[in-house]
Amino acid sequence: MGWLSCAEIWVLIVVLLVSGLCVYKKIWMMMMMMVKREKEEREERGERKNGGGGVFSVPKGSWGWPLIGETLEFIASGYTSKPVCFMDKRKSLYGDVFRTHILGKAIIVSTDPDVNKVILQNHGNAFIPCYPKSISELLGKSSILQMNGPMHKKMHTLIGVFLKSPQFKDRITLDIEKVVRLSLSTWMDKGCQVFVQDETKKITFEILVRVLMSIGPGEEMNVLKKEFEEFIKGLICLPVKFPGTRLYKSLKAKERMLKMVDKIILERKIGMDNNKTDSKEELPNDAIDVLLRDASAEYSGDQQMRVPLDFVAGNIIEMMIPGEETVPTAMTLAVKFLSDSPVALAHLVEENMELRNKKDQSGEEYSWTDYMSLPFTQNVISETLRLANIINAVWRKALKDVKIKGYLIPKGWCVLASFSSVHMDETNYENPYEFDPWRWKKIGAAVSSNTFTPFGGGQRLCPGLELSRLEISIFLHFLVTTYRWNSDKDEIIYFPTVRMKKKLPITIMPLHTPMN
Ligand code: HEM
């Protein structure tokens, strides 16, 4: 090193060190930028690492057109005979869970029974109901359909325990029989042709208002029916609220209904206060009694969390929504499927005639267990609910990041758990488009599994499940043991709700009269 002085050597070392540091810094910065970019890209793709190191991604899919997304295709599928074709197409492109943009919302759609189960079970309150704006406006925050957490759990339990109790079912069986028999007896006066959809709606509305608030046929029920029809017209509409708009009119109808129900509540409360000890022992008459007893300090065991008195009237009205269209639609579609399947109808007639003859001979009254233990009739109901998909999906919003089966549902996103896709998937049901009540004999135990969820599941499992099955069983029993019928050609429409295009006209004849 003779040609460099000691000082020069030191300068060189410093220069090398500094330039080395600069290069190192540059490399370091480049590496950091690459990591940052990778992280950003991963976040764009929706991937996050979990504690165990696995990668979860936001499901693949397409946002469709600006603003409208894939809404047109979604709605169009509802007017075909296979409404799940929208889901099927995306399932084959992106997998069982995919993202899309419909009805003004970016959503994740699940057609996977296991993912649906997690969404429905809602452990740790990860998902809250997420309705279109017009529906949430009409429901209000304190509706059982919208609320979440301990108060929801309490209301759900109160109503569920009441509707499932054997004493209630004993009593309501007599009421349902009366309403069904009376209604069927008027069919012959209607010129032999009836529209099943209209007739079943009348029957089930009468039962619903009896269950919820003990209103019987008459002027009060007619007014309530008229107001309710006005109210539900606004469920799917533009969320604009000023005089003249659909939403405004529906909210006004709800106000008038609230006044009616408030009056009943007031009378009931006075009666309860005058008769404290007696009524405490008695079975609640209806859902008003159930909620009112809880709201009153004297009756409620749980003093910490009572149903607020001002929740009662609104919830009674809001509980009419899930009950009003669903049961008559199930009855109507059962008639439709049976009309198209003479072998199944013959089997149903045979089973029900046997019960009727037994009752006629013994002179005994029917009990609710008689209807619920008709195996083929129950299988016809299960098959109708599977094939009809009256509530085809439920909407939820994620309150936190949720990771299921490799998918990430990010906080704040809406998710749609599709029941119809599961019910119409041939991996779950052989020949899924066939009306085959016999399949339930083989898969009977699966009635409560993830692959059969017409009544939802988890914390929000429909409290009206058994009541609905009972109503449909009683209707079918008296229908097939009273009349034979020929049905006109009609089609099922699936959007915005399931219904028959021509309301299912049928020509009836009393039993034992030969049909042409
Ligand atoms: C065939 C008939 C019916 C079907 C298919 C049906 C279906 C459903 C479904 C899928 C849910 C879950 C909604 C969700 O998870 O967001 C539900 C909830 C509910 N249903 Fe039904 N339902 C029927 C009849 C009834 C009847 C007759 C009543 C009332 C007497 C009723 C009252 C309710 C209530 C109050 C809820 C809300 C439960 C909660 O959020 O805690 N349903 N129903």
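Okay, one bit of bookkeeping before I start: Ala, Val, Leu, Ile, Met, Phe, Trp, Tyr, Cys and Pro count as nonpolar here, Asp, Glu, Lys and Arg as charged, and the others, Gly among them, as polar. You'll want that for the ligand. And keep in mind that this is a predicted model.

So, the overall picture. The protein has 516 residues, and 36% of them are buried. If you take contacts between residues at least 6 apart in sequence, 70% of them join residues at least 24 apart.

Now the ligand. It has 23 residues around it, and the closest are Gly323, Thr326, Gly456, Cys462 and Gly464. H15 gives the most, with 3 residues. By type, the shell splits into 16 nonpolar, 6 polar and 1 charged.

Next, the core. The largest nonpolar core has 106 residues, and Leu212, Ile316, Ala334 and Val415 have the most contacts inside it. Helix H8 gives the most to this core, with 9 residues. Have a look at Leu212: leaving out residues up to four places away in sequence, Leu212 touches Asp286, Ala287, Ile288, Ile316, Met319 and Met320.

Let's move on to H9, residues 219-232. That helix has 14 residues and reaches 20 Å from its first C-alpha to its last, close to the 20 Å expected. Which residues of H9 are buried? Those are Leu224, Glu227, Phe228 and Phe231. They cover an arc of only 105° around the axis, so they sit on the same side of H9. Over on the other side, Glu219, Asn222 and Glu229 are exposed. As for what covers the buried residues of H9, that includes H8 (196-213), H10 (246-274) and H14.

Ser214, in the loop between H8 and H9, has a positive phi of about 55° although it is not a glycine. Ser214 counts as partly exposed because it has 14 C-beta neighbours inside 10 Å. Asn431 also has a positive phi, near 40°, and its place is the loop between H19 (419-423) and H20 (439-442). With 9 C-beta neighbours inside 10 Å, Asn431 counts as exposed. And then there's a cis peptide bond, from Phe495 to Pro496, with omega near -5°. You'll find Pro496 in the loop between strands E12 (492-493) and E13 (499-500).

Notes:
Residues numbered from 1 in each chain as written. Predicted model: local features only at pLDDT ≥ 70, side-chain atom pairs only at ≥ 80, totals over all residues. Buried ≥ 20, exposed ≤ 12 C-beta atoms within 10 Å, placed from the backbone. Contact = placed C-beta atoms within 7 Å. Near = placed C-beta within 6 Å. Helix = DSSP H or I, 4+ residues; strand = E, 2+ residues; numbered from the N terminus. Expected span 1.5 Å × (residues − 1). Arc of directions from axis to C-beta. Core = buried A, V, L, I, M, F, W, Y, C linked by C-beta atoms within 7 Å.
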